[in-house]
Amino acid sequence: MKQTAKRIHLLSGALLMTAFLWISALNIFAAQTSGIVDYADENGVRGWAFNSSQADQPLEVKVVITNQANGQVAAELTTEASIYREDLAAQGLGTGNCGFDISVPWESYGEGTFLVETYAGGQRFSSKLYGKGIPASSQLRSLGVFRTTAYCPCRQCSGGWGGRTSTGTIAKANHTISVDPRVIPYGTRIMVNGIIYTAEDRGGGVKGNHIDIFFNTHGETRAYGMRNVEAFLVQ
Ligand SMILES: [Zn+2]
């Protein structure tokens, strides 16, 4: 990805605010099934799922676990959202009998970071990461499919800027992404391809739903090429 006019510092507060509101708006699910994975930890996956149109009947929850290292599904587990939780009753979710708690044999899936996605009635209602160094309560929100490209500190990719980012940091592989801050505000943590990055750079050629991923070498940049992948907001 060529980035000639690399740094543009014309962002107004109003634009940043618009970007935050835009990302918040993505968190609202229009469909009837609501729910969340509260925790994915060494014991398993816990959360709740509720659909007001079948409030008297527990939802069947499918938990799909994907190894982020190879993109392969490690397991598909099924459970019922029927555990009583006082906090859910207090939120007005039926009688509050809509929690679920499923144990997960992580060790049998091998090493790696796992994406945990939960479905009810065929609809994905929540997703979360499980792996080393990932807080058990962190939330993932899909931002949809983004065009992703790669860049490095070379002159062709970064002009004379080298590894310096537009926010003043030194770019690091597996950490730095370049974004359009009107779409993804600086400092936002974004997961793509199973790796959690921080938005801390921008390039003139990075517009809209486009993420430019920092690599150390131009060889890696070429190997990455261009990929359309789902991006997740890590909260
Ligand atoms: Zn390069």
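I started at Arg227, whose charged end sits over the ring of Tyr224, 4.0 Å from its centre. The rule I used: NZ of Lys or CZ of Arg within 6 Å of the ring centre and within 35 degrees of the ring normal. I noted that this is a predicted model, where local features need pLDDT of at least 70, side-chain atom pairs count only at pLDDT 80 or more, and totals for chains, interfaces and linings use all residues. Residues are numbered from 1 along each chain as its sequence is written, and side-chain values use heavy atoms, with hydrogens and water left out.

**Rings**

I stayed with Tyr224 and looked at its ring partner. The ring centres of Phe215 and Tyr224 are 5.7 Å apart and the planes stand at 40°, so I logged the pair as tilted. For pairing, rings of Phe, Tyr and Trp (its six-membered ring) need centres within 6.5 Å; planes under 30 degrees apart count as stacked, over 60 as edge-to-face and the rest as tilted. Phe215 and Tyr224 are both buried. Buried means under 20% relative accessible area, exposed over 50%, and partly exposed in between, with a 1.4 Å probe and protein chains only.

How many aromatic pairs are there by this rule? I get seven. One of them joins Trp106 and Tyr109: 6.2 Å centre to centre, 80° between the planes, edge-to-face. Trp106 and Tyr109 are both buried. I also found Trp106, Tyr109, Phe114 and Tyr130 in one aromatic cluster.

**Zinc**

Next I looked up the zinc ion. Which residues are its protein donors? They are Cys152 (SG), Cys154 (SG), Cys157 (SG) and His218 (ND1), at 2.0 to 2.4 Å. Donors here are N, O and S atoms within 2.8 Å of the metal (3.2 Å for Na, K and Ca); water is not among the atoms, so sites may look incomplete.

The angles among the four donor atoms run from 99 to 124°, and the site is tetrahedral. Four donors count as tetrahedral if all angles lie between 85 and 135 degrees. The ideal for four tetrahedral donors is 109.5 degrees.

I wrote down the donor spacing as C-x1-C-x2-C-x60-H. Cys154 is in the loop between strand E9 (140-151) and helix H3 (155-158), and His218 is in helix H4 (residues 218-224), so this pair ties together parts 64 residues apart in sequence. Helices (H or I, at least four residues) and strands (E, at least two) are DSSP runs, numbered from the N terminus. Cys154 is partly exposed at 23% relative accessibility. His218 is partly exposed too, at 21%.

**Salt bridges**

I searched the whole structure and found seven salt bridges. The rule asks for a side-chain nitrogen of Lys or Arg within 4 Å of a carboxyl oxygen of Asp or Glu.

Asp38 bridges to Arg85, with the closest N and O atoms 3.0 Å apart. This pair links distant parts of the chain, 47 residues apart: Asp38 is in strand E1 (residues 33-41), Arg85 in the loop between strand E5 (83-84) and helix H2 (86-90). Asp38 is partly exposed at 21%. I also saw that Asp38, Arg85 and Asp87 are linked in a network of salt bridges.

Lys62 bridges to Glu76, the closest N and O atoms being 3.8 Å apart. Lys62 is in strand E3 (residues 59-67) and Glu76 in strand E4 (residues 72-81), 14 residues apart. Lys62 is partly exposed at 35%. Lys62 also lies over the face of Tyr119, at 5.7 Å from the ring centre.

Asp180 and Arg182 meet at 3.0 Å, N to O. Is Asp180 buried or exposed? Asp180 is buried, at 3%, while Arg182 is partly exposed, at 39%.

**Strand E7**

I then followed strand E7 (residues 114-120), where six of seven residues are buried. E3 and E7 pair antiparallel over seven bridges. Two strands pair if DSSP finds at least two bridges between them. The bridge partner of Ile65 in E7 is Val116.

Seven bridges also join E7 to strand E8 (residues 123-130), again antiparallel. There, Leu115 stands opposite Leu129 in E8. E7 and E8 form a hairpin with two residues between them, and Gly121 in the turn has a positive phi of about 55°.

**A last backbone check**

Most residues other than glycine have a negative phi. I noted Asn174, which is not a glycine but has a positive phi of about 65°. Asn174 is in the loop between H3 and strand E10 (176-178).

Notes
Tetrahedral: all angles 85-135°; square planar, octahedral: opposite > 155°, others 65-115°.
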